[in-house]
Each structure stands twice: as structure tokens, then as C-alpha cells.
Amino acid sequence: MDETQDAIIIGGGMVGAAVAAALGQVGMTVTLIEGGAPPAPIADGEPFDLRVSSLNLASQRLLESVGAWPFIPETRRCPFRHIEASDAAERRHIRFSAADLGLADFGHFVENRMIRRALWQRLAELPSVTTLCHASPTALIRGGQHALVELEDGRLQAARLVVGADGAGSRTRKLAGIATRDADYRQRALIVNVRTCRPQQDVSWQRFTPTGPQAMLPLPGPHASLVWYDTDATTREREALDDESLRQAVEAAFPARLGGIDAVLGRASFAIRRRHAERYTRRRLALVGDAAHVIHPLAGQGLNLGLQDAAELARQVTAAHAAGEDPGSRQALAAYARIRRPQTLAMMAAMETFHRLFTGPAPLRQAGSAGLGVGERLGIAKQGVMRRALGI
Ligand SMILES: Cc1cc2nc3c(=O)[nH]c(=O)nc-3n(C[C@H](O)[C@H](O)[C@H](O)COP(=O)(O)OP(=O)(O)OC[C@H]3O[C@@H](n4cnc5c(N)ncnc54)[C@H](O)[C@@H]3O)c2cc1C
């Protein structure tokens, strides 16, 4: 068995790697255990991947503070300066502009693999961080002084703190005996990467229809990521269309004012579910990111929530470490859960309300549509909502 480290992080996705970077840069000893391969380099000019996230300002600040942001080249991130949402008929809409809040932009759209790659490049610079790939835990023993993680090859690792960052199906969460509350929205999201007829736009556009939202998210150059929610069966039918038929289907369903679609470049679809861990911590263990919560992606907040978990956990744990205290102490973990759980619950409730208002029965949909019109006229309150969504 290796000697006791400060932390073992299970899952080297975007959230786990962010925790590792935040702890590693203050010199804490960390092992990051990743079940898959390390992220591959991304060549200039490579086509954009289908998995893209909107990073809000708080997430961007976290990536800056852990030294990963400079590894994301400008050519692979797209700032957005306006957010626009409307009802199905586009009669009522709400528009937010970064300039109204005195900001240059609201954040950036970046491929998930690029964010992860940037974080791992930063980890390679941190001498107190070790990464173990193609490794996975088989047992977790949490004791008074430290926790032990047994790996599939029989190796044992010991640390003051274990962080479960291994995604929605988290094995760490199961090994710790933490149950989840789950719901299936009976919706599927079709993601379509397209080349647009217009040059690059800076608007994150969304329309709520009774079968689910449609979104057009800008990517660098004349590119965009479309997200089209619908029932499982309809989404699978669309996904099976050839490129030209899918291009025509998109043009018929999305408003003409967004500009035409020149070509479909790729597509994939995802089931939409909600999942919430009944607790975020146990003795010497904390869950972060999708291991703790999976929310409806309609507002693009899942990763942002996960990165805020990473920031808060790092804040508590590094403060304990700096004070010469136990980084996996009950107090540090309790403070993390006390701050993060209500914030996630509030975001989950907001997503639930949006989902019900726009896909529920007609009177609810009318209320949702009216709400967009009222929201547009709310001025200061509208700015407050926006600041919250941006995490500032
Ligand atoms: C359609 C769609 C669109 C979305 N759009 C947005 C958006 O615009 N903005 C946003 O903020 N969020 C968005 N999200 C949510 C976002 O993608 C997730 O919240 C985010 O990817 C979660 O990151 P994570 O690091 O917690 O988990 P993951 O990305 O799932 O990473 C988990 C990591 O753990 C590893 N792992 C798994 N099991 C083990 C194991 N047993 N042992 C070791 N390692 C293991 C995996 O290989 C992986 O590297 C979207 C989600 C969907 C479905």
C-alpha cells in the first residue's frame, strides 16, 4: 500500500480533473483514478465534437484559477453575448445581453473533450498529482484516520479524502451505499453539429415547444450545435435520417430567421433523466458533478453545477489543509454539502418548472409563454435571474 495521500479522486472527467487541479496547485498530494484513457490531443482544424457545454462565467473563472483556461485555444471556444428564449410560436420572448450587465460576454461554448484535455494538461504540470488510467475501484473502506480504495488489480491506495467524480452511474457512490432519487423525462435530445449559412453568431438561442426545447448554440466559425428535444421514438427516427434529409428537417422545424443550414456534420442522441444522490458526503467521502446530481440539460447548467461543486469542495479542503487540519474532516465535508446541496436543489427546481411550464397541459404552457413576456419587461429582476444563472 502506498502512503496516505491527501486525496484520491475517482473519475477524471471535467469535474474530477478540476478538483485534482485545484488541490494539486496548492501542493496537496492527489491521485486521480480514471477508468478510461487520458484525453487525446485535439489537432487544429479537427471537426467539432458533438458534446459541447456552455461554460458560465463562474466556471470560466474556476478554469482560470486552476490554470487550465490558457490551454483552450481561441479557435476552439465561442463566446456568447446574448441569450434568447421564446415560446413555440415565437410571440413571446426574453432576451438577455451581456452588455446590460456590463459584461463582454456571458461565457463560452467549448467542446467537453477540449475542457477535459485542458485540465489534464494542467495536471501534468503539477508534481503532487498522479494520474492512473484504465483503473477503477472495487472496494472502499472509510475509517477514522483515512479511507482505503482497492483497485481492480488488487492495489490499495490510502487518503484522507476520497472524491467520487465518476459520473451519473458512479461506482464510488454505490460503494459508499448512497442511494439516488431518479426520474425519467421521457425525452431524448438529438444533438446535430451543422455548418451554418451565416458567419459565426454570438447568440445562444432556445425555443420551448410542447414536445421539448429546440436550441441553437454557436460554435467557432460558421458552425453551430443544435439541440432538439422530443420523444424517444421521434428523436430516433430523426437521428436515422441521412444528412440531407436531416438538414431539411432542421430547416423546416427551426425558425428561418436563424439563417439556413449549409450542411449536417454529425449527430448523436441522449436520454434525458434526472438523478440526485440522497447525500453528497459520508465519512471521508464527497461526491461531485454528475455523481451527485444529473439535471435536465435544457439550460445547459449540469457541468456548471459540477464545476461549482469542484470549486466549493476545493475551497473547504484547501482551507483545512492550509490550517494544518485534516482535509477529509467532518467539518470540511459538512460545510461543502451545506453550501452545495441547496444550490443544486434550487437549480433542479428551476429546471423542473421550465420543463412543466412548457411541456405540460395547454393552460400551463400559456402561463409559461406569458411568463417569458412578463420576464422580458422586468428589468432589474431579469438581471438578477441572469446573474444567478451565470454564478456571479
Ligand atoms: C445532451 C446534453 C447536453 C448538455 N449540455 C450541457 C451544457 O451546455 N452545459 C453544462 O454545464 N452541462 C451540460 N450537460 C451536462 C454535462 O455534460 C455533465 O453535467 C458533465 O459532463 C458531468 O461531468 P462529470 O465530470 O461530473 O462526469 P462525466 O463527464 O460523466 O465524467 C466521469 C468520468 O469518470 C470516469 N469513470 C466512470 N466510471 C469510473 C470508474 N468506475 N472508475 C474510474 N473512473 C470512472 C469516466 O471515464 C469519466 O472520465 C449536458 C448533458 C447532456 C446529456
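## Aromatic rings and their contacts

R51 lies over the face of F270, 4.4 Å from the ring centre. A charge sits over a ring if NZ of Lys or CZ of Arg is within 6 Å of the ring centre and within 35 degrees of the ring normal.

This is a predicted model, in which local features need pLDDT of at least 70 and side-chain atom pairs count only at pLDDT 80 or more, while totals for chains, interfaces and linings use all residues. Residues are numbered from 1 along each chain as its sequence is written, and side-chain values use heavy atoms, with hydrogens and water left out.

The structure holds 4 aromatic pairs. Rings of Phe, Tyr and Trp (its six-membered ring) pair if their centres lie within 6.5 Å; planes under 30 degrees apart count as stacked, over 60 as edge-to-face and the rest as tilted. Two of the pairs are given here.

| Pair | Centre to centre | Angle between planes | Class |
|---|---|---|---|
| F80 and F109 | 4.7 Å | 40° | tilted |
| W205 and F254 | 5.9 Å | 45° | tilted |

F80 is in strand β4 (residues 77-80) and F109 in strand β7 (residues 107-111), so their pair ties together parts 29 residues apart in sequence. Strands are DSSP runs of E, at least two residues, and helices runs of H or I, at least four, numbered from the N terminus. F80 counts as buried at 6% relative accessibility, and F109 counts as buried at 3%. Buried means under 20% relative accessible area, exposed over 50%, and partly exposed in between (1.4 Å probe, protein chains only). Together with F106, F80 and F109 form one aromatic cluster.

W205 and F254 are both buried.
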